[in-house]
Amino acid sequence: MRRAATIKQWQEELERGVRRLQNLHGLMTNPVEPKTGQTPRVEIYKRNKSRLYRYESTRTHRTPVLFVPNLGISRPYIFDLLPGGSFIEHMTNQGFDFYLLDWGVFGPEDNDLSRRGVRDQDPAADGPARCSRRPGPTSFRCWATAWARPSRRAFVASHPEVQVKNFVNMAGPIDFAKVGLFGLWLGKDKFNVDRFVDTLGSVPADMVKAGFKLLKPTMDLSTNLNLWWNMWNDKYLEGFQALNKWANEYVAFPGEFFRQWVRDFYQDNKLYRDELVMGGRPIRLERITCPVFVVGAKEDYIAPPECVRALIDKVGSREKEYIELPGGHISLIAGRGRGRPLLAEGLGLAGPALVGRTLSLTRGVTAA
Amino acid sequence: MADAPGPNQLFEQWRKQFEEGAQAWSRLITQTAAAAPSPTPDPTAFWRPVLDQGVQAWAKLFAQTPATPELLTQWKQFLDQWIEAWSKVLGQAMGTEQFAKLMGQSLDQMLVTTAPAKKVVDQQIEQTLQALNLPSRSQLTAIAKQIVELEDRIDRLEDSISAKLRRLTEREPR
């Protein structure tokens, strides 16, 4: 009986092996370009390379979400990777009208773009005001991710006239003294940012890629091992191809922006120390008084949880909550785990309901 | 699958086999030195105890564990742990002040060396393109910058016109 079961198991493994080889042959000889970003959207505003897109929903929530992802580094289609595994699709299915800021791909003509220039070219910087000139909402739930987060928080902190109903910071560094390896490598005594920008003009995409690969040198090895292990699975392969396309498409940084970014955030930690000035306005995080929801990832080596959590202690909000989800920086949104539903649920709550409900969310995660 | 050995057990078996093999080898060497030379030497005799020990250990392992594909899963887990261990070691090494300083110095050195060479190459390319009556990268970049600025001015004009129109509409008697 046991022998028969073992033989059956080996047969299955053999079939998997054959499928692995077939799929590998397909990958090598006929690679298919994955179709990413399929959720329908409308471009509602553009400025230079930046675009503001609207993803319409059935609108069961009155206040829409303004989603501000990272500037440079990578493209934002990670948030709308594949149907069935898309964060944006999930949010629109939950009844949120979703606005996504796409910073675009900066070219050599943008090398002089400073942080202020970027802010001026950010269609979402005065998005609520601009959008209200067109048919659109007058208040937003603001959701900032990755390296746009410090500037987004700074914007929320310095523009009290913009109606932000609640603010979600997802895996965004605040206290750059605890930002991990990047913080160490970009330190004042180790990294000469002026020489770097003056010589290269911008941070080329290949250099951005090298920096991120260096953060976790064994990543490619484990990715390829997992690929081989799961290559028999067509569904896995489809997801892998889409994610791999995104993971290898890096975007250059405008030189001046990078110089200010490294100096003010990584070297001087100005946002956390209340010394940052943007567009002539001093930035004080304590001026953020709307409900704040901060999300960190346990195994995040790009923005470790302790540097993300720091926002909770700095904001002036009475209603604030921190939640730590399992996984890494990207799997928070791109993963098929419980993260997405929990985040959508958390975002749907505002005002007094936020604290109590997110506590239950935290319990949900712990139980998971 | 509860009775299947985990990666640690596999590792333990491997270590045990290695130790027993080493002991057998050392026993053989001691015996060979003490005994009188054999008239017909056997060239495989030297390795046989080691190989026998290995085969016995693996035979024991396979006898204890049915040779199912679970063994492959355990091998994959072992590789995952091995990669993770290396990742931690590298992470610790790269997280030191020395590594950060060394990396910064190397990058700086590269930039110092690259900068003059890049300048010369850029000048040469610029001159060549000029001689061929073709636009250079810097000229195209300058045009792109102008377009960006023009777009920006149009945007500002559009904003100002719509603000004025809105004010006019608000003033109009109903």
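Okay, let's start with chain B: going along its sequence, the pattern reads α-α-α-α-α. That's five helices and zero strands.

Before going on, a word on what you're looking at. This is a predicted model, where local features need pLDDT of at least 70, side-chain atom pairs count only at pLDDT 80 or more, and totals for chains, interfaces and linings use all residues. Residues are numbered from 1 along each chain as its sequence is written, while chains are lettered from A and ligands numbered from 1 in the order in which they are written.

So how confident is the predictor? pLDDT is its confidence in each residue, from 0 to 100. Chain B averages 77, with 60% of its residues scoring at least 70. Which element of chain B has the lowest mean pLDDT? That's helix α1 of chain B, residues 7-34, at 59, and helix α4 of chain B, residues 97-131, has the highest, at 91. For the complex, the predictor gives an ipTM of 0.76 and a pTM of 0.74.

Now burial. We call a residue buried if 20 or more other C-beta atoms lie within 10 Å of its own, exposed if 12 or fewer, and partly exposed in between, with C-beta atoms placed from the backbone. In chain B, 2% of the 174 residues count as buried; in chain A, 43% of the 368 residues do.

Chain A, by the way, has 15 helices and 14 strands.

How values were computed: Helices (H or I, at least four residues) and strands (E, at least two) are DSSP runs, numbered from the N terminus. pLDDT is the predictor's confidence in each residue, from 0 to 100.
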